[in-house]
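Subject: Model handover and notes

Hello,

Here is the model for your files. My notes follow below it.

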Amino acid sequence: KKLLVAFSVIILLAALLSSTGIIIITTIGSNFKFFHDDAFDCTQNADEILINVNEATRDVLYATLDPVFEESNACLTQAQAYLDNALVAVTELSERYSGDPADMTALTNDITAVKSAITNNIDLLTSTDISEAFAAYNELIYDLRISISETADKVKTQELGYASNLYSESTQMISIGTIAMAAISLGCIIAGILLALYVARMFKRGIGDVTTAAEQMAKGDFD
């Protein structure tokens, strides 16, 4: 009876360990997916920043080259809208960015500086003297655009590297967990088999003893 109880305990332990292992591996996979997706969302935000800033600076450049003030003014208005979109993308990015918070501050400050440069220098940027307007663009906007692009590219590189590390670490953890779970389950199975063989041997010995006793009784030996 005790042996049967021990055998049952081993089977239950193997089932418990297997279930626990499956839960742990599933949890690791779910966490990996969450942070992995988060990292790629950050790269998408960085792309949005780049796209909107490039569109904005393109419109500012159009404004400097357009001799018609009304059309130039419309280009600058559109540029401001693109920059507002870029700031929204920075806000979304800062909520889950895994890198240096100073990067978000730099992006915000540079984009805001471009907006201020446009607002405070409309006369220069829309000057009928195209060379003067273009010079104002180079002085006020160009360097900021480069700075924004470099920071956004840095963010993308950071987040792609983070996603890659997450993948490697989670794969390693899942592999180790799977091997450990398999080893423990195998150990329990082997122990169960050995115990079953031992129980079978005990039963066989008991049956043999009974058979021997019956044969002796048949011969009239009742001792």
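D47 is partly exposed, because its relative accessible area is 29% and that class lies between buried (under 20% relative accessible area) and exposed (over 50%), with a 1.4 Å probe and protein chains only. This is a predicted model: local features need pLDDT of at least 70, side-chain atom pairs count only at pLDDT 80 or more, and totals for chains, interfaces and linings use all residues. Residues are numbered from 1 along each chain as its sequence is written, and side-chain values use heavy atoms, with hydrogens and water left out.

**Salt bridges**

The side chain of D47 meets that of K156 in a salt bridge, at 2.7 Å from N to O. D47 sits in helix α1 and K156 in helix α5, so the pair ties together parts 109 residues apart in sequence. K156 is partly exposed too, with a relative accessible area of 22%. The rule for a salt bridge is a side-chain nitrogen of Lys or Arg within 4 Å of a carboxyl oxygen of Asp or Glu. By this rule the count comes to 5. As background, side chains of opposite charge can pair when their charged atoms come close.

D103 pairs with K154, with the closest N and O atoms 3.0 Å apart. This pair also links distant parts of the chain: D103 is in helix α3, K154 is in helix α5, and 51 residues separate them. D103 counts as buried, at 6% relative accessibility. K154 counts as partly exposed, at 45%. Shared partners join E55, R58 and D59 into one salt-bridge network.

D59 is buried, with a relative accessible area of 5%. R58 counts as partly exposed, at 33% relative accessibility.

Which buried residue has no salt bridge? That is D110; the nearest side chain of opposite charge, K154, is 11 Å away. For charge, Lys and Arg count as positive and Asp and Glu as negative; His and the chain ends are not counted. D110 lies in helix α3, residues 101–120. Setting aside neighbours within four places in sequence, D110 is in contact (heavy atoms within 4.5 Å) with L144, S147 and I148.

**Fold and totals**

The protein has 5 helices and 0 strands. Both are DSSP runs numbered from the N terminus: helices are H or I with at least four residues, strands are E with at least two. Along the sequence the pattern reads α-α-α-α-α. Buried residues make up 31% of the 223 residues. Take the contacts between residues at least 6 apart in sequence: 81% of them join residues at least 24 apart. The accessible surface comes to about 13,500 Å², and 64% of that belongs to carbon and sulfur atoms. Accessible areas come from the Shrake-Rupley method with a 1.4 Å probe; for residues, only the protein chains shown count as cover.

**Nonpolar core**

The largest nonpolar core has 31 residues, and I49, V60, L93, I111 and I118 touch the most other members. Helices α1 (2–65), α2 (69–94), α3 and α5 each supply at least two residues of this core. Its largest share, 10 residues, comes from α2. Such a core is a set of buried Ala, Val, Leu, Ile, Met, Phe, Trp, Tyr and Cys residues joined through side-chain atoms within 4.5 Å. Not counting residues up to four places away in sequence, I118 touches V60, L76, A79, Q80, L83, L125 and I141.

S72 is found in helix α2. S72 counts as buried, at 0% relative accessibility. Beyond neighbours within four places in sequence, S72 is in contact with A63, D66 and T126. I122 and S72 are 50 residues apart in sequence and 9.3 Å apart in space, C-alpha to C-alpha. I122 is in helix α4, residues 122–125. I122 counts as partly exposed, at 27% relative accessibility.

**Surface patch**

L65, I130 and F134 form a nonpolar patch on the surface, with about 240 Å² of accessible area together. Patches are made of residues with over 30% relative accessible area and no salt bridge; like charges are joined within 9 Å, and nonpolar side chains (Val, Leu, Ile, Met, Phe, Trp, Tyr) within 5 Å. F134 lies in helix α5, residues 130–218. F134 counts as partly exposed, at 35% relative accessibility.

Best wishes
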